[in-house]
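Biologist: Hello! Shall we look at this protein together and ask where the labels come from?

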Amino acid sequence: MSDRPDHPNGEGPGEVARLLSYVVLLAISAGLFVEAANIPTSRFEKLGAGAFPMLVHGILMALLVSAIVGSLRALPSGAWGRFAASITAWARARRLVFAVFICLALYLAAMPVIGYPIATLVFLAVLQITFAPKTRTAIAIALVLAVVFSFGLNWLFAEIFNVFLPRGR
């Protein structure tokens, strides 16, 4: 027995992650099996167009169920706790990446409402000021770049290319 979190024998959080990936793949395969069953058949074929995909996904689901059973048997005691701790540490180490994705989601949600120029100005200003050094020069450059890439690109697309970016409501 090793104390390493992801031991090659399947101990620790790695085995829990493997188990969860098997469950996700099983759910996807089951959904694709159902979709294959809904493929319409023609009068010229007895099995139908969905027969082969159903066969493939049926076999894949059987293999995934056996892999899930094997993975459940290989789970050591306390593996879920170590998995949760390692996921928490992983997410904490990548908190800035999550912050960028959250800002991007808010930006994409706000653009149809407030328009491209204002949404882009706020998005770029927030991200640049967050990641740039906290000096007056860096903040001034970040704000100038945000204005240029929001209102400047909006003007360029509208006046030169005759392409209108979202204006908002």
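Modeller: Gladly. UniProt positions are given in the numbering used here, with shortened feature names, and annotations may be inferred rather than shown by experiment. The unreviewed UniProt entry annotates residues 23-166 as "domain: DUF1468". This is a predicted model, where local features need pLDDT of at least 70 and side-chain atom pairs count only at pLDDT 80 or more, while totals for chains, interfaces and linings use all residues. Residues are numbered from 1 along each chain as its sequence is written, and side-chain values use heavy atoms, leaving out hydrogens and water.

Biologist: What makes Ile114 partly exposed?

Modeller: Buried means under 20% relative accessible area, exposed over 50%, and partly exposed in between (1.4 Å probe, protein chains only). Ile114 has 38% relative accessibility, so it counts as partly exposed. Ile114 sits in helix α4.

Biologist: Which helices each supply at least two residues of the nonpolar patch?

Modeller: They are α4 (95-114), α5 (116-131) and α6 (136-160), and α5 gives the most, with 3 residues. Helices here are DSSP runs of H or I with at least four residues, and strands are runs of E with at least two, numbered from the N terminus.

Biologist: How many helices and strands does the protein have?

Modeller: There are 6 helices and 0 strands.

Biologist: Why is the protein called more spread out than a compact globule?

Modeller: The globule rule is 2.2 Å times the number of residues to the power 0.38, and the radius of gyration is taken over C-alpha atoms. For 169 residues the rule gives 15 Å, but the radius of gyration is 26 Å, well over that, so the protein is more spread out than a compact globule.
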